[in-house]
Amino acid sequence: MEEPTTGTTAMMVPWLLLLCITAAATSGALQAHAQLESNGFISIDCGLPGQTGYVDKTTTLSYTTDAGFIDTDAGVNHNISAEYITPSTPTSLHSVRSFPSGERNCYTLGSLVSGLKYLLRGKFLYANYDGLNMLPMFDLYIGVNFWTTVNISASDVEVYAEAIMVAPDDFVQVCLINTGGGMPFISGLDLRPLKNKLYPLANETQALVLLHRFNFGPTDSHTIIRYPDDPHDRIWFPFVDVENWVDITAGEKVNILDELFQPPQEVMQTAITPRDVSENIEFTLDLESFPRDHSLGYVHTVYFCELQEYPSSNALRQFYIYRNGVLTYLQVYTPPYLAGDFVNSLKPFQASQYKISLNATAKSTLPPIINAIELFSVISTTTVGTNSQDGAVTHTCMLAR
Ligand SMILES: *[C@@H]1O[C@H](CO)[C@@H](O)[C@H](O)[C@H]1NC(C)=O
Ligand SMILES: *[C@@H]1O[C@H](CO)[C@@H](O)[C@H](O)[C@H]1NC(C)=O
Ligand SMILES: *[C@@H]1O[C@H](CO)[C@@H](O)[C@H](O)[C@H]1NC(C)=O
Ligand SMILES: *[C@@H]1O[C@H](CO)[C@@H](O)[C@H](O)[C@H]1NC(C)=O
C-alpha cells in the first residue's frame with residue numbers, strides 16, 4: 001500500500017550539517033581536488049584537454065577535466081563533430097573520452113563519505129566523435145555492480161544514466177564495459193551529495209536507477225529544470241502533449257515541506273489537466289529492458305499540488321490513482337492547495353509495463369491533475385569485488401595527487 005506523506009519542516013539545518021560532515025571527513029582530499037565545489041558537487045567534463053576546467057554559464061557549476069579521475073593512459077580524447085554542436089548543446093558534452101583498449105575502464109571519484117547518499121550521473125553524446133557513424137552499446141557498472149546498459153539510439157541524442165545510491169566506501173568507481181557492441185565512450189560524470197532522508201528506498205543494499213523523470217506543464221520541449229532551480233541538480237525533463245493536455249501554472253509559491261523528495265518549486269508550480277474536462281489522465285512509460293535482473297522491481301513517486309482556487313464552493317477535484325489498473329493509493333485523492341504532495345512506493349513493485357491512470361471520482365467536478373513523476377528500477381549493490389585491490393590502488397593514486 002502506498003500513501004501520500006506530507007512533511008512538516010524544511011531541512012535547512014540538516015543540509016548545512018551534511019556539508020560540515022563532508023568537509024571534515026574529506027579535508028585532505030579537498031586540497032588535492034580544488035575542483036570539488038563547496039556544495040560537494042563533482043562535475044567532470046570527460047575528454048577535455050589540459051588540467052583546467054571552466055564555469056558553465058547555464059548551470060553556474062564548475063566543470064573539471066577528467067585528469068585525476070582516471071589513469072592518464074586510459075582512453076583517448078575526442079571532440080564531437082562540429083555539425084552536432086547547437087546553441088543548446090551543453091559545453092560539457094563537446095568532448096568525450098573513448099576506450100579503444102581494455103574490456104573495463106573505470107573512473108574513480110574520491111572525497112565521498114561512506115554511508116551517505118549520492119546522485120551519480122553519466123552523460124553520453126555520441127555526435128559522431130570518431131567519424132565512423134557507428135552507434136555503440138555498452139554497459140556501465142558502479143564498482144562491480146551492474147548499473148545499466150548505455151544504448152546510443154541516435155548520434156544527436158543525449159543519453160543520461162542516473163543512479164541514487166548510498167556510498168559503500170569513501171570513493172566510488174564508475175566502469176565502462178565493452179560488451180562487443182561498439183567502443184565505450186563518455187561525455188561527462190556528475191556526483192551530487194543528497195541528504196540521507198531523500199529517496200528512502202535507496203539504501204546500503206540497493207540503488208535506484210532512473211528510467212523517467214518528467215515535469216508536467218511546460219509546453220516547450222526545451223524547458224529543462226536542474227541546478228540551481230533544483231539544489232540537488234536532478235534533471236527534470238518536460239513531458240509535452242499540448243494536443244491532449246492544458247498546462248496550469250501557479251502564480252503563487254508552492255509550499256514544499258516534504259523531506260523525502262523535495263521537488264523544486266519550478267516543477268511543482270506547473271501541472272497538466274485534460275483538455276477535455278470529462279477525460280482522465282492516463283499514460284504509459286517505457287520500462288527499459290535493463291536491468292537484466294528485474295526481480296528487484298521498480299519504484300515511483302508521483303507529485304501533486306492544486307494550483308487553482310476552486311471556482312465555486314461546491315467544486316471538487318478528486319480522483320483515484322491506479323498503477324497498471326490497480327489502485328495504488330487506496331483512498332480517493334484530492335491534491336492540497338499550493339502545497340507539494342506526493343504518492344510514492346513504500347516498497348518496490350513488479351511490472352512488465354508501467355501505466356498510470358488518474359480517474360476522476362463521480363463526485364469530482366474538476367478533472368485530475370499531475371505535476372511530476374519519477375520512475376526508477378531497483379538494482380542490487382551488494383556484490384563484493386573479487387579484486388578489491390583494483391579499487392584500492394586507484395584510490396590511493398587519487399588521494400596522492
Ligand atoms: C578539441 O577542441 C579544443 C578546442 O578547439 C582543442 O584545444 C583540442 O585540442 C581538441 N581536442 C582534440 C582531441 O582534438
Ligand atoms: C538500442 O536502441 C535501438 C535504437 O533505438 C533499438 O532498436 C534497440 O532495440 C535497443 N537495444 C536494446 C538492447 O535495447
Ligand atoms: C533496503 O530496502 C529494501 C526494501 O526495499 C529492504 O529489503 C532492505 O533490507 C533494505 N536494506 C537495508 C540495508 O536497509
Ligand atoms: C480510468 O479511466 C479510463 C478512461 O479515461 C478508463 O479507460 C480506465 O479503464 C479507467 N481505469 C480504471 C482502473 O478504472
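Let's start at ligand 3, where one of its oxygen atoms sits 2.9 Å from a polar atom in the side chain of Gln-206. Keep in mind as you look around that this is a predicted model. Taken on its own, ligand 3 has 360 Å² of accessible area, and the protein covers 48% of it.

Gln-206 is one of the residues that surround the ligand; the others are Leu-201, Asn-203, Glu-204, Thr-205 and Pro-348. Sorted by class, this shell holds 3 polar, 2 nonpolar and 1 charged residues. Two further polar contacts can be found here. Asn-203 places a polar side-chain atom 2.3 Å from an oxygen atom of ligand 3. With Thr-205, the ligand takes part through a nitrogen atom, which is 2.9 Å from an N or O atom of the Thr-205 side chain.

Asp-258 is buried, and it has no salt bridge. A salt bridge would need a side-chain nitrogen of Lys or Arg within 4 Å of a carboxyl oxygen, whereas the nearest side chain of opposite charge, that of Arg-234, is 7.4 Å away.

What, then, lies 2.6 Å from a polar atom of the Asp-258 side chain? The backbone nitrogen of Phe-261 does.

Terms used:
Residues are numbered from 1 along each chain as its sequence is written. Chains are lettered from A and ligands numbered from 1 in the order in which they are written. This is a predicted model: local features need pLDDT of at least 70, side-chain atom pairs count only at pLDDT 80 or more; totals for chains, interfaces and linings use all residues. Side-chain values use heavy atoms; hydrogens and water are left out. Buried means under 20% relative accessible area, exposed over 50%, partly exposed in between (1.4 Å probe, protein chains only). Lys and Arg count as positive and Asp and Glu as negative; His and the chain ends are not counted. A polar contact is a pair of N or O atoms within 3.5 Å; within protein, one must be able to donate a hydrogen and the other to accept it, and residues adjacent in sequence count only if both atoms are side-chain atoms. A residue is near a molecule or strand if one of its heavy atoms lies within 4 Å of it. Accessible areas come from the Shrake-Rupley method with a 1.4 Å probe; for residues, only the protein chains shown count as cover. Ala, Val, Leu, Ile, Met, Phe, Trp, Tyr, Cys and Pro count as nonpolar, Asp, Glu, Lys and Arg as charged, and the others, Gly among them, as polar.
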